[in-house]
Amino acid sequence: MTAFSKKYMLPSGFDWIPDPVTKTSNLGNLDGIVTPDQTCKMEFEPKIRTSSTADKTSFAYETARKRWPIIITQAIDDVYRTTGQTDDAAKREEGKKIINDLATLKYEVQHDRALTPIPDDGVSDVATYNQILESLGKPTWLNVSWLFSECYLYRRISTSFALSTHWKNYDIFARQKINTFRSSRPAVLELAARYKDLITQLRSHTGETSEEAEKLLFTEMCEICLWGNATDLSLLTSLSYEDIQKLQGSEARKKSEANILVNDLEEVYKQLVEAKKAGKKERVVDIVLDNAGFELYVDLILAGYLLTAGLATRVTLHAKSIPWFVSDVLPGDFGALLNALAAPVPFFETATEEEELQGKTPEKLADKEKEELSFLFQEWSILHAEGKLGLRANRFWTGPGSFWRLVDPNADEQTKELAEDLRRSELVVFKGDLNYRKLVGDAEWDPTTPFTEAIGPLGPGSGINILALRTCKADVVVGLPKGVDEELRAREGGGGDSGARKWAWNGKYAVVSFSKGA
């Protein structure tokens with residue numbers, strides 16, 4: 001077991017696979033302005049304008065001015081709290097310095113100061129960030145490419161910790177993430193019960209399920225994973241083997257499906273089934289993760305289902321390597337979630353500080369609930385022990401700009417190795433809004449632009465089969481039928497004639513887009 005996994009106390013039998021730190025090359029100007037030394041490099045960034053924090057009609061404008069200061073303030077509060085809890089004088093002093101660094105960063109954002117080069121913290125991607133920053137001229141926080149500046153924000157925060165002695169592996173968002181998972185208790189228990197029943201039924205009816213029923217079940221599982229919303233129990237409560245056999249998908253899913261504006265799941269299912277029928281021994285599905293907590297829990301549910309149903313022989317989960325966009329999965333989040341399942345009584349029944357202050361006592365778990373959570377943990381433990389379920393972290397995922405550089409022939413060796421691994425996969429699932437924005441370069445595409453075109457060199461010919469599972473929480477969206485964007489803008493709260501695509505900001509709508517790499 002690696003030192004990292006020991007640090008986060010992954011349960012016995014689990015480990016994560018660290019990748020070497022990557023270096024990203026071939027820089028492009030993220031705002032589409034070509035400088036003399038970049039002319040031949042622009043193929044790895046969109047040639048059209050990208051979303052900017054200066055655009056009053058974009059979600060970027062509100063994010064930079066309202067959300068970022070709040071996020072930094074929460075980070076300051078977290079470090080202050082941890083600093084106050086330590087008896088180590090040296091750690092306390094470093095904590096004070098980190099708080100000061102974060103306060104300076106917050107001031108720079110709020111007062112529209114220029115973005116400054118990231119100090120060298122020994123990680124190779126610093127050069128990449130700083131070279132791109134130089135290519136942008138002297139951008140300020142409130143007038144810069146949204147995608148680059150938001151990635152830069154979290155990378156800059158990471159540097160303050162990386163340069164310390166006692167805080168190097170500290171995750172300022174860990175408390176938020178695990179507390180969110182704990183607050184999802186009703187959904188966690190509901191899905192554990194449904195999953196246990198479903199997997200048990202699948203195993204006892206091997207070979208008896210019709211292809212239509214199998215396709216419906218695949219659709220149900222993917223769409224639960226798509227929404228990944230612990231507050232919407234209606235998607236979970238109707239998931240049953242009996243209904244699947246009767247080709248009666250849950251009514252809640254049918255209702256939510258109306259908000260999926262593009263849905264390529266049938267094509268994806270065909271891809272996986274054909275590979276299975278062809279007798280391919282190694283059929284890998286990679287999942288590039290998004291959020292920790294309940295969403296990671298649902299991702300693991302999907303992984304377990306794909307393996308049990310024989311639609312994959314191995315599933316690899318891809319995590320981030322530094323605290324990223326508040327809620328993104330780190331290897332430590334994976335360990336924390338598994339620890340919670342391995343010991344659910346202390347996790348769910350021990351009062352938090354807030355509950356103690358409010359005089360609340362958490363409800364005790366029923367024996368059946370403990371059994372169902374134990375079933376999940378044992379299932380995933382066995383899959384991991386058999387080499388069927390793994391976790392990897394790679395610096396590529398926290399680089400600046402789009403994912404197009406993944407297939408840059410001049411990329412560093414680690415990025416090339418990652419690309420080759422993904423080419424060998426039957427399917428690479430990109431979860432969430434940020435991963436979608438990075439796939440399409442966060443550019444201002446016409447919404448009817450085909451997904452296969454908007455992902456540039458990652459499209460047909462790349463050798464990578466890509467599925468984007470994305471609930472819309474930003475301006476960019478592609479692959480829509482003609483007229484859909486206009487119709488949604490015209491609805492109440494949709495943006496109307498303001499020029500803003502507000503309907504795409506709140507996660508109400510989703511796109512499920514597939515690109516075959518061949």
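Buried denotes a relative accessible area under 20%, exposed one over 50%, and partly exposed a value in between, with a 1.4 Å probe and protein chains only. The model is predicted, so that local features need pLDDT of at least 70 and side-chain atom pairs count only at pLDDT 80 or more, whereas totals for chains, interfaces and linings use all residues. Residues are numbered from 1 along each chain as its sequence is written, and side-chain values use heavy atoms, with hydrogens and water left out.

**View 1. Lys 168 in the loop between α5 and α6 (174-183).** Lys 168 is partly exposed because its relative accessible area is 48%. Contact means heavy atoms within 4.5 Å. Not counting residues up to four places away in sequence, Lys 168 touches Phe 161 and Ala 162. Ser 158 lies ten residues from Lys 168 along the chain, and the C-alpha atoms of the two are separated by 8.7 Å.

**View 2. Helix α4 (residues 125-135) and its cover.** Helices (H or I, at least four residues) and strands (E, at least two) are DSSP runs, numbered from the N terminus. Eight of the eleven residues of α4 are buried, leaving the helix mostly covered. These buried residues are Asp 125, Val 126, Thr 128, Tyr 129, Asn 130, Ile 132, Leu 133 and Ser 135, and α5 is included in what covers them. Gly 137, which follows α4, has a positive phi, near 90°.

**View 3. The crossing of α4 and α5.** Two packed helices are described by the angle between their axes and the distance between the axes. Axes are lines fitted to C-alpha atoms, for helices over the stretch in contact, and angles run from 0 to 180 degrees between N-to-C directions. The axes of α4 and helix α5 (residues 146-162) come within 12 Å and cross at roughly 140°, which makes α4 oblique to α5. Angles under 35 degrees count as roughly parallel, over 145 as roughly antiparallel, 65 to 115 as roughly perpendicular and the rest as oblique. The crossing is left-handed, a term for a near helix turned anticlockwise from the far one by less than a right angle (right-handed if clockwise). From α4, Asp 125, Val 126, Tyr 129, Ile 132 and Leu 133 meet Phe 148, Cys 151, Tyr 152 and Arg 155 of α5. This contact of α4 with α5 has seven nonpolar, no polar and two charged residues. Ala, Val, Leu, Ile, Met, Phe, Trp, Tyr, Cys and Pro count as nonpolar, Asp, Glu, Lys and Arg as charged, and the others, Gly among them, as polar.

**View 4. The packing of α12 and α16.** Helix α16 (residues 367-385) packs against α12 at an angle of about 60°, with the axes 11 Å apart; the two helices are therefore oblique to each other. Their crossing is left-handed. Tyr 297, Leu 300, Ile 301, Gly 304, Leu 307 and Thr 308 in α12 meet Leu 373, Leu 376, Glu 379, Trp 380 and Leu 383 in α16. By class, the contact of α12 with α16 comprises eight nonpolar, two polar and one charged residue.

**View 5. The largest nonpolar core, of 68 residues.** A nonpolar core is a set of buried Ala, Val, Leu, Ile, Met, Phe, Trp, Tyr and Cys residues joined through side-chain atoms within 4.5 Å. Phe 218, Tyr 297 and Trp 380 touch the most other members of the largest core, and helix α12 (residues 294-308) contributes its largest share, eleven residues. Apart from this core lies another, of 45 residues, including Trp 68, Leu 147, Tyr 152 and Trp 324.
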